[in-house]
Amino acid sequence: MDLFALVPEPDKNLLPQDGIVNYYGKIITNEQADNYLHRLLHHIAWKNDEAHIFGKTFITKRKVAWYGDQSFEYTYSNATKRALPWTPELLELKALAEKETGENFNSCLLNLYHNGTEGMAWHSDGEKDLKKNGAIGSLSFGAERKFSFKHKQTKETVSVLLEHGSLLVMKGATQTNWLHRLPPIKTINQARVNLTFRTIVF
Ligand SMILES: O=C(O)CCC(=O)C(=O)O
Ligand SMILES: [Fe+2]
């Protein structure tokens with residue numbers, strides 16, 4: 001076991017300015033993370049995502065699911081979605097993310113990337129339904145993937161490798177000032193599951 005990878009460094013801000021991103025590293029042992037990956041692949045109601053752009057509907061290869069405290073309606077990529085009630089593994093992972101970060105979350109958007117050809121384009125998550133400057137807690141399972149930030153004005157970029165069983169937090173003004181993406185890496189054949197815990201406001 002890599003002991004250093006289990007020592008969190010959550011106090012370091014990965015961004016040089018205008019936002020806060022903390023990478024906690026692996027907060028779950030490899031064995032437990034393997035188990036969560038398996039449970040998430042089998043127990044989540046995965047669906048291909050639909051994006052409505054310029055009057056056209058695009059179906060993504062990546063699959064998504066959305067869970068939450070209540071039947072939240074949430075608008076994402078110009079499509080309105082309704083949250084499903086928490087599963088036991090999502091409640092465990094939410095409690096873990098809350099304990100590590102000291103934040104509270106009421107919903108979770110999940111992404112399943114079947115292999116490295118699937119990714120997510122530059123975007124920010126500061127949509128109107130999300131709490132302003134609220135923290136987003138991101139747990140990753142499966143294939144290690146690069147995750148990048150780009151400052152909206154200066155175009156400066158920062159990247160981090162998201163490990164199996166790791167936690168990343170984006171908070172403060174991050175969504176206002178920075179874009180983020182998951183670039184495709186053609187050589188990766190393994191699946192990756194990502195959970196972003198969020199706070200929706202009414
Ligand atoms: O897969 C990831 O690590 C990030 C996903 C993401 O940015 C999002 O769901 O908004
Ligand atoms: Fe995002």
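This is a predicted model: local features need pLDDT of at least 70, side-chain atom pairs count only at pLDDT 80 or more; totals for chains, interfaces and linings use all residues.
I then checked the UniProt record, where an unreviewed entry places the feature "domain: Fe2OG dioxygenase" at residues 104-201.

Next I looked up ligand 1. Which residues are around ligand 1? I found Leu 109, Asn 111, Met 120, Asp 125, Ser 138, Phe 147, Leu 162, His 180, Leu 182, Asn 194 and Thr 196. By type, I noted 5 nonpolar, 5 polar and 1 charged in this shell. Three strands, β7 (107-113), β13 (178-182) and β14 (192-198), each give the shell at least two residues.

Then I went to the largest nonpolar core, which has 38 residues. The members touching the most others are Tyr 36, Cys 108, Leu 110, Phe 141 and Val 169. I saw that β7 gives this core its largest share, 5 residues.

I followed up Cys 108. Setting aside neighbours within four places in sequence, I listed its contacts as Tyr 67, Gly 68, Leu 90, Lys 94, Leu 195, Thr 196, Phe 197 and Arg 198.

Last, I stepped back to the chain as a whole. I counted 3 helices and 14 strands, and buried residues come to 32% of the 202. Among contacts with a separation of 6 or more, 74% join residues 24 or more positions apart. The C-alpha trace spans about 50 × 40 × 35 Å along its principal axes. A compact globule of 202 residues would have a radius of gyration near 17 Å, so the 16 Å of this chain agrees.

Conventions
Residues are numbered from 1 along each chain as its sequence is written. Chains are lettered from A and ligands numbered from 1 in the order in which they are written. A residue is near a molecule or strand if its C-beta atom, placed from the backbone, lies within 6 Å of it. Helices (H or I, at least four residues) and strands (E, at least two) are DSSP runs, numbered from the N terminus. Ala, Val, Leu, Ile, Met, Phe, Trp, Tyr, Cys and Pro count as nonpolar, Asp, Glu, Lys and Arg as charged, and the others, Gly among them, as polar. UniProt positions are given in the numbering used here, feature names are shortened, and annotations may be inferred rather than shown by experiment. A nonpolar core is a set of buried Ala, Val, Leu, Ile, Met, Phe, Trp, Tyr and Cys residues joined through C-beta atoms within 7 Å. A residue is buried if 20 or more other C-beta atoms lie within 10 Å of its own, exposed if 12 or fewer, and partly exposed in between; C-beta atoms are placed from the backbone. Two residues are in contact if their C-beta atoms, placed from the backbone, lie within 7 Å. The radius of gyration is taken over C-alpha atoms; the globule rule is 2.2 Å times the number of residues to the power 0.38.
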